[in-house]
Amino acid sequence: MYSPILRGYYPTDIPNDSDYAVYTIATDIHGLAKNLGIKSYNVIGHDWGSSIAYAMANMYPTEVNKVCAIAMPHPKLLKPSVKFLYKARYIIYFMNKRKAIKKIKEDDFFYLEKLYNRWSPNWSNYNQNLKSIITSLNQAGRVEAALGYYWALKNTDSDKAKLYKQLPKTPILVLVGEKDGTVLLSQFNKMHRDFNTFFKVVKHPSAEHFLHQEDESFCLTQILGFF
């Protein structure tokens, strides 16, 4: 099983063109599989990785067999509401380049700790994970690279956006923690109505946003059974 690190995140290179569009990242992963001689494959993604996995199912329908998305509904189903905008307020904040960079870097990355406490307040091992993230973000250009994914949302090509928002026909498994502090469970419930292919949502009763790290055995059981 290959687990590529998305562009811009340590230890991958920071791209000279600062292109962090979902379409581009999906192309990266497809290119990696091609160079490894893998003709067909399944894709697992968490958060941003889920959005990329959905897009890959549309872009490469003959290569991508199945998709497992963790903690993120399909982008087409993210309808504005007061509750959703409140939970996703960090996204709006991150899209302001100057303010976002300053906010992330100030006070020894204290804002990241606030986000972790909001997204997964009961995850006992988050301190260890947060420490490694801060170490990598302290390197030159890494904060800008991580935020670049949010900035790319404002510059999406219309044709490429269709691939991003189109509902895939590939079989999809979605895993979500019922205590996730970033999403609304109602958004996942609506996916059953809109998808016309094999689709399944499995909810973890106590997990939060980092489900795959909070209960690894649960995720592996669901994923391996699905694949």
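Which residues does Gln187 touch, not counting residues up to four places away in sequence? In this predicted model, Gln187 touches Pro73, Leu77, Leu78, Lys79 and Phe84 once residues up to four places away in sequence are set aside. The place of Gln187 is in helix H10, which covers residues 185-189, and with a relative accessible area of 4% Gln187 is buried.

**His74 and its surroundings**

His74 is found in the loop between strand S2 (64-70) and helix H3 (82-87), and at 0% relative accessibility His74 counts as buried. Two polar contacts involve the side chain of His74: the side chain reaches the backbone nitrogen of Lys76 at 3.1 Å, while the backbone oxygen of Gln166 lies 3.0 Å from a polar atom of the His74 side chain.

The axes of helix H6 (residues 110-119) and helix H7 (residues 126-137) come within 11 Å and cross at roughly 145°, and H6 passes H7 in a right-handed crossing. On the H6 side the contact is made by Leu112, Glu113, Tyr116 and Asn117, which meet Tyr126, Asn129, Leu130, Ile133, Ile134 and Leu137 in H7. The residues of this contact divide into seven nonpolar, two polar and one charged.

Ile133, whose place is in helix H7, counts as partly exposed at 26% relative accessibility. Leaving aside its neighbours within four places in sequence, Ile133 is in contact with Leu112 and Tyr116. The C-alpha atoms of Ile133 and Tyr10 are separated by 9.2 Å, although the two residues are 123 residues apart along the chain.

Helix H8 (residues 142-151) is largely enclosed by the rest of the structure, because nine of its ten residues are buried. The buried residues are Arg142, Val143, Ala145, Ala146, Leu147, Gly148, Tyr149, Tyr150 and Trp151, and they pack against H1, helix H2 (48-59), helix H4 (89-94), helix H5 (97-105) and H7.

**Cysteines and an exposed glycine**

Why does the structure hold zero disulfides? A disulfide requires a pair of cysteine sulfur atoms within 2.5 Å, whereas the sulfur of Cys68 is 7.2 Å from the closest cysteine sulfur, in Cys219, which is too far for a bond. Seen from the other residue, the closest cysteine sulfur to that of Cys219 is in Cys68, again at 7.2 Å and too far for a bond. Cys68 counts as buried at 0% relative accessibility, and Cys219 is likewise buried, with a relative accessible area of 3%.

Gly37 lies in the loop between helix H1 (22-35) and strand S1 (41-46), and with a relative accessible area of 53% Gly37 is exposed. Gly37 and Asn189 are 152 residues apart in sequence and 37 Å apart in space, C-alpha to C-alpha.

The accessibility values of several residues discussed here are collected below.

| Residue | Relative accessible area | Class |
|---|---|---|
| Cys68 | 0% | buried |
| His74 | 0% | buried |
| Cys219 | 3% | buried |
| Gln187 | 4% | buried |
| Ile133 | 26% | partly exposed |
| Gly37 | 53% | exposed |

Note on methods:
Residues are numbered from 1 along each chain as its sequence is written. This is a predicted model: local features need pLDDT of at least 70, side-chain atom pairs count only at pLDDT 80 or more; totals for chains, interfaces and linings use all residues. Side-chain values use heavy atoms; hydrogens and water are left out. Buried means under 20% relative accessible area, exposed over 50%, partly exposed in between (1.4 Å probe, protein chains only). Axes are lines fitted to C-alpha atoms, for helices over the stretch in contact, and angles run from 0 to 180 degrees between N-to-C directions. Helices (H or I, at least four residues) and strands (E, at least two) are DSSP runs, numbered from the N terminus. A crossing is left-handed if the near helix is turned anticlockwise from the far one by less than a right angle, and right-handed if clockwise. Contact means heavy atoms within 4.5 Å. Ala, Val, Leu, Ile, Met, Phe, Trp, Tyr, Cys and Pro count as nonpolar, Asp, Glu, Lys and Arg as charged, and the others, Gly among them, as polar. A polar contact is a pair of N or O atoms within 3.5 Å; within protein, one must be able to donate a hydrogen and the other to accept it, and residues adjacent in sequence count only if both atoms are side-chain atoms.
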